[in-house]
Amino acid sequence: MNTTQEKDIIDKDDVVISIRNLYKSFGALDVLTGIDLDVHRGENVAVLGRSGTGKSVLIKILVGLLKPDAGDVVVLGKHVPRLSGTELDALRLKIGFSFQNSALYDSMNVRQNLEFPLRMNFKHLTKKEIDDSVDEVLDAVGLKDKINQMPSDLSGGQKKRIGIARTLILKPEIMLYDEPTSGLDPITCIEINELINDVQKKYKTSSIIITHDLTCAKATGNRVAMLLDGKFLKVGTFSEVFDYPEERIQSFFNYNFIQ
Amino acid sequence: MSVKPSRQYLFSKGLDDYFIGIQSAYKFMGRFFREAFKPPFHFRELMNQCFEIGLKSLPLITLTGFITGIVFTKQSRPSLETFGATSWLPSLISIAILRALASLVTALICAGKVGSGIGAELGSMRVTEQIDAMEVSSINPFKFLVVTRVLASTITVPVLALYCGFVALLGSFSNINAHESTSFFSFFENGFDTITFLDIFTSVVKSIFFGFTIGMVGCYKGYNASSGTVGVGKAANQAVVLSMFLVFIEEVVIVQVSNWIRLY
């Protein structure tokens with residue numbers, strides 16, 4: 001994406017996600033030790049880091065699946081840790097979460113997977129309105145012909161796409177992608193990266209993309225945040241992070257290139 | 001990441017975990033009662049689960065019930081023949097089946113079939129993040145998955161138990177008829193002579209408890225599964241073992257209570 005396009009999409013005055021001094025530990029293990037991050041409206045932020053550094057924990061806290069030990073998380077003006085169940089449900093309708101393993105309901109076919117969040121949250125919708133929404137998101141992810149297939153019949157890349165379509169059907173303002181390219185071949189990775197950028201443009205979403213894949217971070221992130229040892233060591237454009245003279249960051253990049 | 005000093009235990013790790021487990025099970029049950037009476041109600045999913053639990057268990061219940069009736073009659077006959085009391089067979093069998101065997105056999109079959117099924121299904125949904133996916137879509141997974149399954153097993157197990165009792169009596173009749181050519185009506189007339197309303201009522205109440213226990217244990221173990229596919233297997237296995245264990249305890253307690261009621 002060039003700088004002019006970025007300016008059109010990103011509103012730097014509007015912060016949709018604000019993370020302040022966030023701490024999270026599991027038993028004796030400290031995972032996040034003082035995280036700060038702002039995500040602006042329309043912006044894609046890629047969070048890079050090794051496996052097990054707490055990247056997924058971070059986005060699970062954003063959506064209220066995990067509670068932080070300390071610190072504050074403000075999403076679309078709401079303090080997530082302080083929300084009641086009903087308030088959290090209302091906020092979650094504005095957040096799309098794409099899971100690492102797609103998390104498609106394996107007892108339902110693609111159509112039922114896509115209809116399910118709509119039927120459960122908007123009981124007043126007519127069959128035609130639901131069908132139209134399903135068609136629209138399937139078109140957006142390019143898998144209209146898979147509508148009656150079961151998740152077990154889909155490839156890894158197709159599952160990821162359907163997973164993204166299932167979140168898009170609720171028209172979210174924020175997208176959280178958990179390792180969107182893990183376990184996929186290089187060509188499918190490129191397709192998923194393009195899809196993430198298309199979603200950003202078409203649905204005007206702000207996103208956090210959790211990844212350890214440098215290509216994905218470079219292709220999708222307007223900014224990249226480098227998470228190591230429970231803290232963001234550097235946040236900036238991909239080249240700013242890449243050129244940052246910090247030993248741990250350089251060793252992460254060197255290791256990934258060797259891989 | 002840094003590592004803190006390890007946690008201090010109140011008693012010991014095992015004992016602490018045991019009490020934490022009991023507390024979490026009670027919390028889970030409490031949540032069920034809070035959510036079960038609060039809208040929205042998922043009637044369609046409830047019907048779907050009644051079909052899955054009830055109708056799909058019918059063939060196995062039919063076979064087991066029929067065979068139980070035949071075998072129990074066959075084994076009781078020699079003892080009664082010694083005293084020339086084979087005419088008591090219908091009443092003896094009816095009491096045994098309707099008071100104890102039908103509900104217990106149904107509960108044990110359902111603990112194996114339904115309990116393990118629920119444990120494995122919810123366990124695999126937990127480890128593949130399908131339950132989390134529901135939660136982030138503003139769908140209450142507890143209400144949709146747990147409440148419907150527990151209610152469905154609570155409703156269907158008593159119905160299955162009554163059905164099992166009827167089929168077992170048919171099995172018994174077929175065996176008696178082969179020896180003594182008793183008519184269908186006289187068999188049932190003799191059988192039900194000794195059966196009281198309290199017998200049927202106790203059996204139904206017992207089955208309601210059994211059904212609730214099987215659903216609740218299966219859901220609890222599955223919903224809280226962890227550690228990948230090993231965790232799913234463990235959840236299914238523990239669901240069967242624990243629900244069978246609880247079914248036997250409930251059987252003893254309810255039989256004791258119903259005997260007291262009979263006495264007074």
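**The pocket and a helix pair**

Author: Six residues, the largest share of the lining of the largest pocket, come from α3(A). Helices here are DSSP runs (H or I, at least four residues), numbered from the N terminus. This is a predicted model, where local features need pLDDT of at least 70, side-chain atom pairs count only at pLDDT 80 or more, and totals for chains, interfaces and linings use all residues. Residues are numbered from 1 along each chain as its sequence is written, chains are lettered from A in the order in which they are written, and side-chain values use heavy atoms, with hydrogens and water left out.

Reader: Which residues are the closest to the centre of the largest pocket?

Author: Of the 37 lining residues, those are Arg31(B), Glu135(B), Asn140(B), Pro141(B) and Tyr223(B). By class, the lining has 14 nonpolar, 10 polar and 13 charged residues (Ala, Val, Leu, Ile, Met, Phe, Trp, Tyr, Cys and Pro count as nonpolar, Asp, Glu, Lys and Arg as charged, the others, Gly among them, as polar).

Reader: How are two packed helices described?

Author: By the angle between their axes and the distance between the axes. Here, the axes of α4(B) (residues 89-127) and α7(B) (residues 184-193) come within 7 Å and cross at roughly 60°. The two helices are therefore oblique to each other (under 35 degrees is roughly parallel, over 145 roughly antiparallel, 65 to 115 roughly perpendicular, the rest oblique).

Reader: Which residues of α7(B) make the contact?

Author: Phe187(B), Asn190(B), Gly191(B) and Phe192(B), with contact meaning heavy atoms within 4.5 Å.

Conventions. Axes fitted to C-alpha atoms, helices over the stretch in contact; angles between N-to-C directions. 1 Å grid on protein atoms, 1.4 Å probe; cavity = no way out; pocket = protein on both sides within 12 Å on 5 of 7 lines; lining within 4 Å.
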